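I open this notebook to record a look at side-chain contacts. The entries follow the order in which I looked them up.

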Amino acid sequence: MSELPVIQTERLTLRKPTEDDIIPLLMLSQDEEVREFYGMEVFKEEKQSREEIEWFLKIWREKTGARWIISLKDDPSLIGDIGFYDYDKKHRKAEIGYKIARSHWRRGYMSEALVAVLDYVFKDTDINRLQAVVDPRNPASFLLLEKCGFLREGVLRDYEYEKGEYVDLIMHSVLRREWESR
């Protein structure tokens, strides 16, 4: 099995998760603003963060996705993560997800990381459709996706049960042919 490729951008390194990422990921999950629209529960202990890192590695091993740690080029510390998962081989589609530390918001880092992952997905895999579901109360994520070529498809009513209530999510997608013709 090949290693998860390292992806370099102008300012970022997208790399394989390591043990050193467990505590920073734990702290990221505990930031209420970061997870407000993410649908994840707060990690209360290191074990939960370790399990998340293990899942990141497992989806690559099992060829059902890829999840990178986002770090600045000159500092290997975790500032976020990004990747695709739920790869459906028959239909050649997957879902993308991402999160970034609040201290790194509004600097264009996530746009840079997302473009790099889209380049990887559409050059190095057979995925034809990459989709994202977004909480309707998260305009920053809508803008990010649209900036990177995703199209809004519609509302998925009561799509997930989070924090004691059902939430609608908005489906977005980008297709290989759209990405290649941009």
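Which residues form one aromatic cluster? I find that Trp55, Phe56 and Tyr85 do.

**Basis.** I work from a predicted model, in which local features need pLDDT of at least 70 and side-chain atom pairs count only at pLDDT 80 or more, while totals for chains, interfaces and linings use all residues. Residues are numbered from 1 along each chain as its sequence is written, and side-chain values use heavy atoms, with hydrogens and water left out.

**Aromatic pairs.** Rings of Phe, Tyr and Trp (for Trp, the six-membered ring) pair if their centres lie within 6.5 Å; planes under 30 degrees apart are stacked, over 60 edge-to-face, and the rest tilted. Trp55 and Tyr85 are edge-to-face, because their ring centres lie 5.9 Å apart with the planes at 65°. Since Trp55 belongs to helix α3 (residues 46-61) and Tyr85 to strand β4 (residues 75-88), this pair ties together parts 30 residues apart in sequence. Helices (H or I, at least four residues) and strands (E, at least two) are DSSP runs numbered from the N terminus.

I then looked up accessibility, with buried meaning under 20% relative accessible area, exposed over 50%, and partly exposed in between (1.4 Å probe, protein chains only). Trp55 is partly exposed at 32%, and Tyr85 is buried at 17%.

**Charge over a ring.** I note that the charged end of Arg182 sits over the ring of Trp179, 3.6 Å from its centre. Arg152 lies over the face of Phe142, 5.9 Å from the ring centre. The criterion is NZ of Lys or CZ of Arg within 6 Å of the ring centre and within 35 degrees of the ring normal.

**Salt bridges.** I count 13 salt bridges in the structure, each a side-chain nitrogen of Lys or Arg within 4 Å of a carboxyl oxygen of Asp or Glu. Asp81 lies in strand β4 and Arg67 in strand β3 (residues 66-72), so the bridge ties together parts 14 residues apart in sequence.

Lys47 and Glu51 form a salt bridge with the closest N and O atoms 3.5 Å apart. Both lie in helix α3, four residues apart, about one turn of the helix. Lys47 is exposed at 51%, whereas Glu51 is partly exposed at 40%.
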